Structures are given as C-alpha cells and as structure tokens.
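I open this notebook to record what I looked up, in the order in which I looked it up.

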Amino acid sequence: QVQLVESGGGLVQPGGSLRLSCVVSGGTLRTMGWYRQSPGKQRELVAFIQGDDSTVVNSVKGRFTISRDNAKKIMYLQMVSLKTEDTAVYYCNGPRDGYGLGSANSYWGQGTQVTVSS
C-alpha cells in the first residue's frame, strides 16, 4: 500500500520561502502532483511531475518549482515569493497505474498547512 507523507509547511511572511516534501513509501509513482485547498474553496492542482517533465500552473509560475529525488522517493515543492493567497493546506497526490492525477483512484497525503501572513 502506497503512503504519502508531507512535511515542511508553516507560517511565513509575505515574500518568504518554504520547501514542502512528500515522502513516498510502499511503492513507486511515476506521476505525482501537489494540490492545495483554502477554506471555502475547492482543492486545486498546483504542480505535477511525470517522469522527467514538470509543470506548474500559471498562478504560481515563476515562484513555485516541483522536483523529486527518485532515489530517495521524495517529491518537493519549492515556494518563493509567497503571497497571502498561497495560504492553504497543501496535499501530495499520486495516481494508481492507469488512472489520472487527483482521481478517486489515487493516493493522498494528510496535508501540510502553509500560512502566509505578516
């Protein structure tokens, strides 16, 4: 059974940086992504990585970078120039083989809170 565990969230001032980590155990996931959810909003995709290709959504482009260490089975989300609107719970996700990112047939971590506030 694949398990995903996030860490690295916290309280940071606007303009600050954080690096989130997602450790994978119990298997290997070729495609993985980061989602976030703010209070009262739907969970949204932030970035994903498939093989050696990575993509970030427009709202965080130039500020967030997704990467992973395949040997250590850890995925990262480096966040710089953080804004108050980046405040959310960030989730790590990976689909089962043959299914899509974020689908019902995917694995989720428990989430890590990121709060951007002065």
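I started with K73, which is partly exposed at a relative accessible area of 28%; here buried means under 20% relative accessible area, exposed over 50% and partly exposed in between, with a 1.4 Å probe and protein chains only. K73 lies in the loop between β7 and β8, where strands (E, at least two residues) and helices (H or I, at least four) are DSSP runs numbered from the N terminus. I noted that phi of K73 is near 55°, a positive value in a residue other than glycine.

Before going on I wrote down the conditions: this is a predicted model, in which local features need pLDDT of at least 70 and side-chain atom pairs count only at pLDDT 80 or more, while totals for chains, interfaces and linings use all residues. Residues are numbered from 1 along each chain as its sequence is written, and side-chain values use heavy atoms, with hydrogens and water left out.

I then looked up a second residue with a positive phi, S81, where the value is about 50° although S81 is not a glycine. S81 is found in the loop between β8 and β9, and at 40% relative accessibility it counts as partly exposed.

Next I turned to the whole chain. The protein has zero helices and eleven strands, and its radius of gyration is 13 Å, close to the 13 Å that the globule rule gives for 118 residues, so it is as compact as a globular protein of that length; the radius is taken over C-alpha atoms, and the rule is 2.2 Å times the number of residues to the power 0.38. Along the principal axes, the C-alpha atoms fill a box of roughly 40 × 30 × 25 Å. I found that 42% of the 118 residues count as buried. Of the contacts (heavy atoms within 4.5 Å) between residues at least 6 apart in sequence, 55% join residues at least 24 apart.

Which residues have the most contacts inside the largest nonpolar core? They are L4, M32, W34, L77, M79 and Y90, in a core of 27 residues; such a core is a set of buried Ala, Val, Leu, Ile, Met, Phe, Trp, Tyr and Cys residues joined through side-chain atoms within 4.5 Å. The elements that give two or more residues to this core include β3 (18-25), β8 (74-79) and β9 (88-95), and β3 gives the most, with four residues.

L77 has its place in strand β8 and is buried, with a relative accessible area of 0%. Leaving aside neighbours within four places in sequence, L77 is in contact with residues including L20, W34, F64 and Y90. The C-alpha atoms of L77 and C92, 15 residues apart along the chain, are separated by 9.7 Å. Y90, with residues up to four places away in sequence not counted, touches L77 and M79, among others.

My last entry is on V24, which sits in strand β3 and is buried, with a relative accessible area of 8%. Not counting residues up to four places away in sequence, V24 touches V2, Q3, L4, L29, M32 and K73, which brings me back to the residue of the opening entry. I also noted that V24 and G98 are 74 residues apart in sequence and 18 Å apart in space, C-alpha to C-alpha.
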